[in-house]
Amino acid sequence: MGIPWDDVVVIQQGKDLNEPCIVTVNCPDKAGLGCDLCRIILEFGLRITRADISTDGRWCYIVFWVLPNPASIKVDWESLKTRLLSVCPSCLFSYHFNQLSTSPSPPLIYLLKVWCVDQKGLLHDINEILCNLELIIQRVKAMPTPDGRVLDMFFITDGMELLHTKKRQDYVCESLKDALGERCISSELQLAGPEYGHLQGFSSLPPAFAEELFSSELLDKVSLHPLSQDMKTLKTPTVTVDNSLSPVHTLLQIQCVDQKGLCYDIMRISKDSDIKVAFGRFSSSVEGFRNIDLFVQQNDGKKIIDPDSQKTLCSCLKEEMLHPLRVIIASRGPDTELLVANPVELSGKGRPRVFYDVTLALKALGVCIFSAEVVRHSTQERQWEVYRFLLEENRNFPLTRSQTRSQIVDKVRRTLMGW
């Protein structure tokens, strides 16, 4: 029968801004639930400072300690609760009435067109508004015009699932107009048509770009670009496999640098690798490092005994924790292009808030974006989401200098990783 609606997700706010809020989830278990919950928490701009996970395969009890990251982010806690409830099996209509149902239908894609007077930081300002409205960007294309205007096309889904209503559509357009003021010339919102299908195709990256972004030998490198001195101290994560402590579970012990989205990355790898986490503890950061203990099983309910399977899982975890996102800057003819890539879940979902963080970093540096787009790229191992930004040359920030390029990569990576 489940438990009362109000008890499935409970949020206890901290006494002050420095005390984490405690998010408790108590519901029937399902494959990949931990990943889905971590993804939503990341979407809301929250950092998981600590987590405890416990499940017997039928029922799970999960506790997250979270803080806004950065602290200035205003969190709608009621909306967060609603979104978390939406992925809990006890709250799904299909769970009660159709136990054989697999997954809900994919969300509708809408096209938001925004005509604006082009200004430095505009893309980030629009992105911030959309994030606050719980609108999730699936694709974006920015097209500047010679007269100093720009048409930004955002293909979005609605976390609140209300964008089919005229009231919600009008509210989005009014919010953009109010926040952007005179910069906003016009905006319109409609259900995406065939143009979205054209943007769903896989990109054709220059071979040199693809080689640098998706190299399988990244574990031998700390970064894809020269970094500032303090970031050169990063250490390769350690992953230890122990089958001696439990008769039915394999213990994974992980030590790595603390970073934004760490819990999401680990739970995403577990979900896509068909690894079930029976018990997990993500300890608080100590001097910038995190210790994680996971008691896991394979999808068949057995321990991970095969040496090759252990090696593959450990290698995947290490690579994803060291390089959850790939950042490079390169020349494309006379232009300078910034590329940021992240793995796509097997479900087809990309990583939350990447576009937000990249545009925030570029705005902070005073770097203008001439055009931007989000595409998909496929390698033999997986699918990637690639953010491509053509940058405008700046007299005070010359993009041809290697020092400037390294500074951009360093700032973007720091923002993405929450450092």
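Predicted model: local features only at pLDDT ≥ 70, side-chain atom pairs only at ≥ 80, totals over all residues.
Local features need pLDDT of at least 70, side-chain atom pairs count only at pLDDT 80 or more, and totals for chains, interfaces and linings use all residues. Residues are numbered from 1 along each chain as its sequence is written, and side-chain values use heavy atoms, with hydrogens and water left out.

**Helix α2 and its two partners**

Let's start with helix α2, residues 33–43. Helices here are DSSP runs of H or I with at least four residues, strands are runs of E with at least two, and both are numbered from the N terminus. The table sets out how α2 packs against α3 (residues 77–87) and α9 (residues 262–272). Axes are lines fitted to C-alpha atoms, for helices over the stretch in contact, and angles run from 0 to 180 degrees between N-to-C directions.

| Helix pair | Axis separation | Crossing angle | Handedness |
|---|---|---|---|
| α2 and α3 | within 10 Å | roughly 160° | right-handed |
| α2 and α9 | 8 Å | about 150° | left-handed |

A crossing is left-handed if the near helix is turned anticlockwise from the far one by less than a right angle, and right-handed if clockwise. Angles under 35 degrees count as roughly parallel, over 145 as roughly antiparallel, 65 to 115 as roughly perpendicular and the rest as oblique. By that scale, α2 and α3 are roughly antiparallel.

Which residues bring α2 and α3 together? On the α2 side they are L33, D36, L37, I40, I41 and E43, and they meet L80, R83, L84 and V87 of α3. Contact here means heavy atoms within 4.5 Å. This contact comprises 7 nonpolar, no polar and 3 charged residues. In these classes, Ala, Val, Leu, Ile, Met, Phe, Trp, Tyr, Cys and Pro are nonpolar, Asp, Glu, Lys and Arg are charged, and the others, Gly among them, are polar.

How many disulfides does the model hold? With a disulfide taken as a pair of cysteine sulfur atoms within 2.5 Å, the count is 0. The sulfur of C60 has its closest cysteine sulfur in C27, at 3.9 Å, which is too far for a bond. C88 is likewise in no disulfide, and its nearest cysteine sulfur, again that of C27, is 3.9 Å away. C60 is buried at 2% relative accessibility, and C88 is buried at 0%. Buried means under 20% relative accessible area, exposed over 50%, and partly exposed in between (1.4 Å probe, protein chains only).

**A covered helix and two buried residues**

Helix α5 (residues 122–132) is mostly covered, with 8 of its 11 residues buried. Its buried residues include L122, H124 and I129, and the elements they pack against include β5 (110–117), β6 (135–144) and α11 (354–365). After α5 comes E134, with a positive phi near 65°.

V239 sits in strand β9 (residues 238–242) and is buried at 12%. Its C-alpha atom is 6.8 Å from that of Q255, 16 residues apart along the chain. Leaving out residues up to four places away in sequence, V239 touches Q253, I254, C314, L317, K318 and M321.

D258 lies in the loop between β10 (250–257) and α9, and is also buried, at 12%. Beyond residues up to four places away in sequence, D258 touches R47, S285, G288, F289, R290 and W419.
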